[in-house]
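Reader: I should like to learn how to read an annotated chain against its coordinates. Please take me through it step by step.

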Amino acid sequence: MPTAPAGTLYRGREGMWSWVAHRVTGVLIFFFLLVHVLDTALVRVSPEAYNAVIGTYKNPIMGIGEAGLVAAIVFHAFNGIRIMLVDFWAKGPRYQRVMLYVVLGLFVVTMAGFLPRHLGHVFGGA
């Protein structure tokens, strides 16, 4: 029975994990958008219900959830660019590991700029 060659692009290596993370973040973003459309549609049905739902979002747990949403969007965007480069650039597969580390670096820098200010607002700061 033939087996897959060791060291393929995705088999248990960085490519596979970035693929998994890209799919997970995509699904999370989809569900956020679904909830966002539904809760925004409430304003046409009942402004009071809309205000009540929006009021429930103003707590620290939802603030942390917002930070998670931003993290998912940032990773998904940077990794999407990496995927396009791997798919459409002739040298992309050769540099996919390096590009993943660039994606992770950009993710850390972006989140380091975002989180202090956002969490300051969430937990009663400026």
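Reader: Which residues does the UniProt annotation "transmembrane region" cover?

Author: UniProt positions follow the numbering used here, feature names are shortened, and annotations may be inferred rather than shown by experiment. In this case the unreviewed entry places "transmembrane region" at residues 20–38, 67–86 and 98–115. Residues are numbered from 1 along each chain as its sequence is written. The model is predicted: local features need pLDDT of at least 70, side-chain atom pairs count only at pLDDT 80 or more, totals for chains, interfaces and linings use all residues, and side-chain values use heavy atoms, with hydrogens and water left out.

Reader: What are the helix and strand percentages over residues 20–38 and over residues 67–86?

Author: Helices (H or I, at least four residues) and strands (E, at least two) are DSSP runs, numbered from the N terminus. Residues 20–38 are 100% helix and 0% strand, with end C-alpha atoms 27 Å apart. Residues 67–86 are likewise 100% helix and 0% strand, and there the end C-alpha atoms lie 28 Å apart. The chain as a whole has four helices and zero strands, in the order α-α-α-α from the N terminus.

Reader: What span should helix 1 have?

Author: The expected span of a helix is 1.5 Å times one less than its number of residues. Helix 1 (residues 14–45) has 32 residues and should therefore span 46 Å; its end C-alpha atoms are 47 Å apart, which agrees.

Reader: Which residues of helix 1 are buried, and what covers them?

Author: Buried means under 20% relative accessible area, exposed over 50%, and partly exposed in between (1.4 Å probe, protein chains only). In helix 1 the buried residues are Glu14, Gly15, Ser18, His22, Thr25, Ile29 and Asp39. Their cover includes helix 2 (47–56), helix 3 (60–88) and helix 4 (96–122). Across the 126 residues of the chain, 20% are buried.

How values were computed:
Contact = heavy atoms within 4.5 Å.
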